Amino acid sequence: MSYAENIEQAVSVCKQQTVLMQRCLAQEKLMDALKHTSIMLTELRSPLLTPKQYYELYILIYDSLSILSTYFVDCHTKRHHLADLYELVQYAGNILPRLYLMITVGSAYLQCADSPREEIFKDMIEMCKGVQHPMRGLFLRYYLSQRTKEFFQADSPEAKKTNANFVITNFIEMNKLWVRLQHQGPLREREQRTRERKELKILIGVNLVRLSQIVESDFNMYKDEILPLVLEQVIQCRDVVSQEYLFDVICQVFPDEFHLGTLAELLSTSLKLNPAVPVNKIVLTLVERLNGFIDRQENPGIDEISQKLASLNIGEENSNLFFIFWKFLNQLSEERPDLQLQELAPVVQGILKLKLRWGPDNIRNVNTLLSFMTEKCKEHGKAIPDECDYLFHDLLLAPEFTNSMKFFYNVLTQCAAYQELLSLQNKKLQRHCVNEILDMLVNARWQITSKADLETILKICESLIEADSEKPASSLMLDEDDALGNENWTLSPDHEKLAKLTHLCFNKSVDVHIELLLSCRNWFQRSGRNIKYHSPAIISNFWILIRKCQWKLKREQADSEKYSNTIKQLFKHISRTIDNLYNSSGGGCLDLIYKLNLQTASLADQSQLGDIAYDFFSQAFTTFEESLSDSRTQFQAIVNMAQTLQKTRNLYMESYYETLITRCTLHGSKLLKKQDQCRAVYTCSHLWWATEISLLGEEEGITESFFREGKRVLECLQRSLRVADSVMDNVQSCELMIEILDRCCYYFIHGDETSTNVSVKYINGLVELIKTNIDSLKLERNSMLDDDRTLNNGGDKAYIGIDGCYIHLGATNSVATTFTKPPTSKSTNLESIPIEHFDRTLQYIQDQKEVDSRFKAIVL
Amino acid sequence: MSSRKKNILKVIILGDSGVGKTSLMHRYVSDKFSQQYKATIGADFLTKEVTMDGDKVATMQVWDTAGQERFQSLGVAFYRGADCCVLVYDVTNAKSFENIKSWRDEFLVHANVSSPDTFPFVILGNKLDVEESKKVVSNRAAQDMAKSLGNVPLFLTSAKGSINVDTAFEEIARNALQQSQADADAFEDDFNDAINIQLDGEPSSCGC
């Protein structure tokens with residue numbers, strides 16, 4: 001007999017023969033029907049089919065044989081006796097069709113009440129040994145299993161046992177066939193065979209499904225009679241594909257409760273498998289399954305679960321899951337010293353998962369597991385391979401940890417092994433993990449209140465703190481660059497996160513809070529020049545604490561001495577932090593240091609601590625004098641200083657204030673550029689004319705203690721006017737004078753002319769002077785007025801800003817652009833800047849005449 | 001030869017892992033329910049004799065399938081020849097509901113049915129017994145879905161509480177029978193030609 005050349009033909013032959021068989025059956029020609037069936041079954045001998053095609057054919061043939069089977073049963077004893085038929089089909093010429101027919105008849109016979117059940121079963125399974133070709137044998141035995149399954153529903157333990165033995169025998173034989181498939185044929189087709197084997201695995205697995213159906217919920221039968229036999233077969237076959245698959249199937253098809261009762265057996269079996277079987281997969285399958293058990297409970301509370309466990313009657317030794325797995329882990333590492341970290345890490349993670357799902361609150365066990373892993377990493381000796389990165393990342397940031405911030409925080413602060421394990425990883429992974437940890441803490445706004453916790457967390461962050469702390473191998477030139485303040489302020493997300501950590505520190509007690517901040521400072525000290533990223537955060541937290549103490553000082557009179565001491569202490573800490581910053585940054589962030597000093601000085605003044613404020617101002621001056629070299633920065637620094645000083649109120653003793661403002665003005669008058677000098681000095685004029693700060697309860701006209709010295713104000717204005725006049729550029733010169741005029745107006749409004757010394761006469765003189773200058777400017781402009789392009793320059797406007805920059809305002813889009821140098825394009829008419837400015841100022845004075853009669857004396 | 005006696009009705013149950021396909025089958029075929037969870041691997045069937053409209057007797061072959069693809073290594077050849085396909089979702093699992101449509105498509109791709117537009121599907125929303133707060137698929141959404149898939153009959157069932165299971169399977173059996181008869185007729189017409197040609201070309205070649 002031959003078979004078709006491909007699956008399509010084979011299918012068509014089967015369909016054809018099925019119809020023919022049915023016709024013969026309709027005509028009661030049994031022999032002919034059997035003949036057609038044989039032809040159909042011959043197709044199953046084809047060596048050309050892949051497992052999937054074979055399965056397709058098998059399904060078709062199964063349906064056909066079902067028709068035949070129904071006929072056999074229907075006509076039993078009417079037209080034939082099934083015992084006779086069973087004999088008859090033995091004469092089929094070929095073994096494969098013969099056995100299929102035999103099983104069909106045999107299973108039909110089993111449906112009849114008078115059949116010798118055991119004999120038939122025994123005979124069928126014996127005969128199946130006749131087919132040793134793996135794929136055909138597997139499908140034949142699968143057929144046997146499918147045909148007989150309906151007879152396995154038994155209630156008596158005896159019958160159950162017989163049935164189970166039948167299935168187990170079939171299972172063992174099938175597994176042997178399956179394993180043998182791996183070793184047949186040429187070596188080069190090995191991979192293909194492995195692939196085909198994996199497709200066929202279902203056929204073997206079905207036997208275990210069958211066993212599960214037979215055993216139902218009889219745990220003792222499972223534990224004593226089924227599992228040992230199955231596991232023995234699994235161990236004996238020594239085959240990787242088979243062992244891996246069968247373990248998976250055992251986990252899947254038997255109920256969770258059974259696994260809970262036989263954990264120790266399952267785990268110890270996993271140690272006896274072929275070393276090539278990935279032990280981690282096996283453990284994870286089991287863990288998933290057991291965790292699924294909790295998910296499937298209606299009330300997955302801890303108490304309910306332990307009650308449920310108690311009710312399962314699984315024995316004392318099986319009730320402590322963690323202990324069983326822990327024992328297994330130790331055994332595993334003992335018996336398989338060759339096991340790679342790659343394989344071990346997922347096992348540990350799996351156990352951790354299980355542990356946390358089944359009894360989440362026990363930190364000690366987590367630490368035990370993590371120390372185990374740490375030891376393993378240490379034993380590994382060499383650097384941990386990069387391929388492991390994701391494994392350890394997953395382990396250290398397992399969702400089981402991070403799902404709850406509270407729990408994760410406990411792990412971080414209470415598991416010593418966590419930090420140790422992390423520190424054994426490569427720098428890249430460490431930094432990555434620390435970044436994630438910090439993100440989580442910051443996003444949760446988690447408050448760190450204890451020093452011990454903070455120290456642990458900072459230790460965890462060590463790799464991040466110390467990253468890039470080494471100075472780049474620098475030549476002398478580079479150092480000079482730094483000294484000039486050209487430090488690169490690139491964004492550093494890592495250090496930014498550390499700075500955020502500072503803000504998480506909090507304690508109700510100011511003293512403890514200070515300790516926390518000092519811990520941060522000490523740790524951050526290790527990051528070398530990078531402390532410029534965190535120092536401002538630490539200092540601003542000190543500021544907050546100073547304010548808090550001030551507030552407490554007012555509320556808790558009894559402790560006032562304590563708080564005022566604390567405040568002084570805090571200023572010392574700030575001073576020290578700024579010093580550190582100065583020393584570590586190598587002169588790289590002087591502007592920052594200057595501003596921090598000023599800000600702290602201002603705070604000290606507000607705390608009525610004149611001495612301290614004076615010190616910080618002096619520090620700021622020192623920084624200015626020693627190091628600030630860029631002329632723009634210098635000008636800004638003077639303005640900043642003047643602003644801060646003008647608002648101080650507690651520096652009047654020992655003429656601190658006068659010393660400071662004189663120094664400030666002096667520095668202003670010595671700036672490099674004349675424009676800067678001029679502007680700095682007229683800005684400093686305000687230092688001699690304090691104005692009300694309503695927040696402090698001051699009020700113009702009522703408060704009498706304002707620091708005011710009109711003479712000095714005028715001196716300043718005169719001095720800046722002199723500088724303005726000496727500026728060679730007419731546009732600049734004119735603009736500066738108008739700015740001085742604006743200041744004069746300010747003093748005219750804010751004080752009596754006798755006290756400010758800014759008199760009508762002086763203002764009139766200034767207006768006159770500016771007019772003259774403007775006229776000559778207009779002449780300059782007129783010479784170019786003929787040019788149409790300049791007249792209609794599209795309405796673009798230019799201004800000069802208060803710091804001397806040029807502001808260019810586009811007419812169409814109102815977008816302002818700032819330049820430090822005058823625009824070079826011809827279309828911008830520089831002369832009109834002061835001209836228009838002057839017009840606006842005159843207009844202002846004109847308007848003031850309406851509300852303030854004193855202005856009427858000013859001649860325009 | 002006027003009517004081919006095909007009295008086996010093949011019904012396939014599909015749906016995501018854990019929605020209760022096996023439980024539904026067991027409830028229907030043997031009226032049993034087990035609280036224990038076992039994953040299904042591969043595909044297997046149980047049979048049940050059904051009587052419809054008083055006199056029509058048929059054997060229903062109910063195929064329970066693995067929801068997890070890794071347990072379907074030999075492919076889904078058993079879809080072929082199905083007379084009705086049952087799509088199951090879990091009323092407490094939105095994902096399983098969303099996947100109904102893809103299960104239907106998956107079935108149509110592999111089952112090779114003669115006319116996909118008229119092939120009978122039935123949708124079951126299982127686990128109706130769970131407390132209201134856990135239900136996430138609304139009846140309305142289910143009805144809309146059933147309508148959009150071509151007025152597919154929809155039943156809300158509970159294998160555990162034995163709610164609506166028999167009613168649903170009666171409908172399934174009716175649909176399957178109808179489909180089976182329609183198919184059988186078409187098959188008859190189709191096949192008579194084919195068979196003649198084959199017989200002419202290869203007259204009783206076997207001699208076993």
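What follows is a short tour, from chain B to the helix pairs of chain A.

Keep in mind that this is a predicted model.

**Chain B on its own**
- Chain B is built from five helices and six strands.
- Starting at the N terminus, its elements come in the order β-α-β-β-β-α-α-β-α-β-α.
- If you take the contacts in chain B with a separation of 6 or more, 75% of them link residues 24 or more positions apart.

**Where the chains meet**

**The nonpolar core**
- In general, nonpolar side chains tend to be buried together in soluble globular proteins.
- Here, the largest nonpolar core counts 289 residues.
- Which of its residues touch the most other members? They are Val105(A), Phe139(A), Val11(B), Ile12(B), Ile13(B) and Val86(B).
- Let's zoom in on Ile13(B): leaving aside neighbours within four places in sequence, its contacts include Leu24(B), Met25(B), Val62(B), Trp63(B), Val86(B) and Val88(B). Lys21(B), Asp64(B) and Thr65(B) are also in contact with Ile13(B).

**Helices α10 and α11 of chain A**
- α10(A) (residues 219-237) and α11(A) (residues 240-253) cross at roughly 160 degrees, and their axes come within 9 Å.
- An angle over 145 degrees counts as roughly antiparallel, so that's the label for α10(A) and α11(A).
- Their crossing is left-handed.
- From α10(A), Val230(A), Val234(A) and Cys237(A) meet Ser242(A), Gln243(A), Leu246(A), Phe247(A) and Ile250(A) of α11(A).
- That contact has six nonpolar residues, two polar ones and no charged ones.

**Helices α35 and α36 of chain A**
- α35(A) (residues 674-684) packs against α36(A) (residues 710-726) at about 165 degrees, with the axes 8 Å apart.
- α35(A) and α36(A) are therefore roughly antiparallel as well, and their crossing is left-handed.
- Among the residues making the contact are Cys678(A), Val681(A) and Tyr682(A) on α35(A), along with Leu717(A), Ser720(A) and Val723(A) on α36(A).
- The contact of α35(A) with α36(A) divides into eight nonpolar, three polar and two charged residues.

Technical notes:
Residues are numbered from 1 along each chain as its sequence is written. Chains are lettered from A and ligands numbered from 1 in the order in which they are written. This is a predicted model: local features need pLDDT of at least 70, side-chain atom pairs count only at pLDDT 80 or more; totals for chains, interfaces and linings use all residues. Axes are lines fitted to C-alpha atoms, for helices over the stretch in contact, and angles run from 0 to 180 degrees between N-to-C directions. Helices (H or I, at least four residues) and strands (E, at least two) are DSSP runs, numbered from the N terminus. Angles under 35 degrees count as roughly parallel, over 145 as roughly antiparallel, 65 to 115 as roughly perpendicular and the rest as oblique. A crossing is left-handed if the near helix is turned anticlockwise from the far one by less than a right angle, and right-handed if clockwise. Two residues are in contact if their C-beta atoms, placed from the backbone, lie within 7 Å. Ala, Val, Leu, Ile, Met, Phe, Trp, Tyr, Cys and Pro count as nonpolar, Asp, Glu, Lys and Arg as charged, and the others, Gly among them, as polar. A nonpolar core is a set of buried Ala, Val, Leu, Ile, Met, Phe, Trp, Tyr and Cys residues joined through C-beta atoms within 7 Å. A residue is buried if 20 or more other C-beta atoms lie within 10 Å of its own, exposed if 12 or fewer, and partly exposed in between; C-beta atoms are placed from the backbone.
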